[in-house]
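Hi everyone, thanks for coming.

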Amino acid sequence: MVKFSAQVLEAGKAAVVAALCVGMVSAQALAEVPAAAEAHVAIPAPVKKTVLTQDEKTLHALNRMTFGPRPGDEQVVDKMGMEAWFERQLHPETIDDSAFEARLAQYPALRLSQQELMARFPTPQTIKEMARRGTALPRDPVEHAIYADSMAAYEEKIEQAAAVPATGGISGGAETRVRKSGPGAPGLSPSPSSASSPDSTMSGDMAMAAPEANAQAKGKKHGLDAEPMDEGAVEALIALPPDQRMARLVAMSPEEMAGLRKAMRRQLMGPLVQGFTPVQKEEVAAMQGGPRVVAAEALEERMLRDVYSERQLQAVMDDFWLNHFSVYVKKNQNEPYFLASYDRDAVLPNSMGKFENLLVATAKSPAMLMYLDNWQSIGPNSMAATRGKRFEQGTPGAKLAKAMPKGINENYARELMELHTLGVGGGYTQKDVIEVAKCFTGWTIDRPYQGGGGEFVFEPNRHEPGSKTVLGHVIPEGGESEGLEVLHILATSPATARFVSNKLAVRFVSDTPPPALVDRMAATFLKSNGDIKAVLTTMFHSPEFWAPSVYRAKVKTPIEFMASALRASDAQIGNPVALVQAMTQLGMPIYGMQTPNGYSWKADEWVSSNALVSRMNFALVLSGGRVQGARTDWPQLLGDSEDSSVTTSPSAKTELQLETLILGEAAAARTRATVLDQFNNPTAQHSAEQSLAMTAQKPEDGDDMVGSAGLLRVKAGNGRGRGQGQGFQADKPETPLDTMAGLLLGSPDFQRR
């Protein structure tokens, strides 16, 4: 009975927030709150019939070409002039972004080359190979500690697996999901060896052990058996000067480190790394698992770029292309290692350049080669295939023979045409898919599971010999150049020009962009040889972009909502881990789309009663400074002190000031009425916090890729509203001003751009 009462209480708290949110949408909100949670809801859009004023044009440009205005941005644009501002954003190299770059100093691993990253933070498969071969651990003390802890974790997994009776295999897998679209085969062809690969899922980190390593593990005591470190020993460790503390951590055996982790309370993580350099913090985090460090940093960097970069149009385009050329962080254990280079080397530097250069860069990226399985594709008549057949005939049933790639994989070829260039109905056939796949045989990754550098390589012995015919073009035999020729044909196709232009218009203009606008953008695409800046310029100067009918008519995606809320509130982010985790709760985890089509830019994907309530919940906890690692200061933004009466007794005038600050213009009458009626609700923020906690999913084994690494970047004692770990701050008092601001951030008015 007690349990039931608690459930009713929590449901009541969630209903409070739901009522606040939906109350801004429908007059019968209170009666409809208990209705089906996933029902689609129409977010009311302003009915704009007159030509945009200059102020509205400024707000429109900032809402479409950036992740939303920060306080003062509109004045900056007005002072600079709209055209000058846009031209400056088109050329990000002219914009000083040193403040954002300084923030990235806390992520030194992101600056490592692909080879350096994989050597410094070993993948689970690298550790497995070292155990199988009996390879000695590195001599460098820090690397030795990282590898030793990873090896101990691997051997512990072996012992666990050996203790469990065989069940015929491990279920699950992250093979790229089948999509029923496009000509030819009704989905993605499976990777030849992924079904039996020990690296097919992130959730299976080191779960399937090499039999050769079983003997090494027996009799050893690992983390599972280690006793928690004595509390006094933990306190003594934390009391050491930073250099001595780091040396002590490096010198710990895997068993000691496991005992320390068992004894550490979350609130002690900050003091443990207090005074450490960013490199040292990464090294300590890596002792808990290299994949968590590299994955966490890649996800957190994207969040910080969207919020803080002065090169906002480049950040928007980076986000656009990372979604267009989507990859999935949980594809397997190696995929997280490729994300930093994917963004840094392939997407970001080409996001405002020539489309063909971007297409080539993504095609050669290990992240894409791994995600769509092309790295395993091998021509059936290639030298490698011929040798493989002979080996299999000579050693039938051998494990190595079974694990060898067996033939062509069509995944990348199909998605290259359907999702990256021509689009559905772009004029290609299943025969074209096969021919394109042949052209890309041999495009692979340098030994990603055998300790290689993890970089792009072309292996001629894997390439399918002979000429190929793609979309009517005969491509003579030429090795790697065949793939480059395919990319050129696709990048210069009128179908690609229209497909890409339409997708850009959906992102920037309307869910249903006018055909005339798409036609002009496509014409510019072809005339300029795919110059992305030129296409954006055509769009920006088109009357359709400034039409009253599209003003504030686009519903924000979750990442656009979160980034714009953080920018509008001028939030100071000390640790983005909770924000990255909240993206999952909002339905758009970063690098989290399993299928290759990416997230939708259209409203129908994101507008439901559940989604609106989740956004209102997040807005309330953010505005109240209850998101750990993020701080808001509404009195300061309003020009008052923290102990000002406006904090505890905001007036209708205060609400109007917040409308201007957050929305850039007046709120709808229904929104204003709800805010003024509910800002004194003493339970709104607490209810939102509890509701968000209810929706949080318990991470699966291997899913917590952000948590442990993110904790080590928390600054101890960093002021009002800053957190010391994951989740939300339950101890911060609510204020009516915070609630008033949160209601506006969660309002339907703010959901549109």
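How many aromatic pairs does the structure hold? There are 16 aromatic pairs in this predicted model. Rings of Phe, Tyr and Trp (its six-membered ring) pair if their centres lie within 6.5 Å; planes under 30 degrees apart count as stacked, over 60 as edge-to-face and the rest as tilted. One of these pairs is Phe540 with Trp546, and it is edge-to-face, with 5.2 Å from centre to centre and 75° between the planes.

Are these two residues buried or exposed? Buried means under 20% relative accessible area, exposed over 50%, partly exposed in between (1.4 Å probe, protein chains only). Phe540 has a relative accessibility of 1%, so it counts as buried. Trp546 is at 16%, and therefore counts as buried too.

Next, please find Phe561 and Phe750, another edge-to-face pair, with centres 6.3 Å apart and planes at 75°. This pair links distant parts of the chain, 189 residues apart: Phe561 sits in helix α29 (residues 558-568) and Phe750 in helix α39 (residues 748-751). Helices (H or I, at least four residues) and strands (E, at least two) are DSSP runs, numbered from the N terminus. Phe561 is buried at 0% relative accessible area, and Phe750 is buried at 3%. There is also one aromatic cluster formed by Phe320, Trp321, Phe325, Phe355, Phe525 and Trp601.

Now back to Phe540, which lies in α28 and takes part in the contact with α5. Helix α5 (residues 82-90) and helix α28 (residues 532-540) pack at about 155°, and their axes are 11 Å apart. That angle makes α5 roughly antiparallel to α28. Axes are lines fitted to C-alpha atoms, for helices over the stretch in contact, and angles run from 0 to 180 degrees between N-to-C directions. Under 35 degrees counts as roughly parallel, over 145 as roughly antiparallel, 65 to 115 as roughly perpendicular and the rest as oblique.

Which residues meet here? From α5 come Met82, Glu83, Phe86 and Leu90, and from α28 come Lys533, Leu536, Thr537 and Phe540; contact means heavy atoms within 4.5 Å.

Zooming out, the protein chain has 39 helices and six strands. Of its 753 residues, 57% are buried.

Two notes on reading all this. Residues are numbered from 1 along each chain as its sequence is written, and side-chain values use heavy atoms, leaving out hydrogens and water. As the model is predicted, local features need pLDDT of at least 70 and side-chain atom pairs count only at pLDDT 80 or more, while totals for chains, interfaces and linings use all residues.
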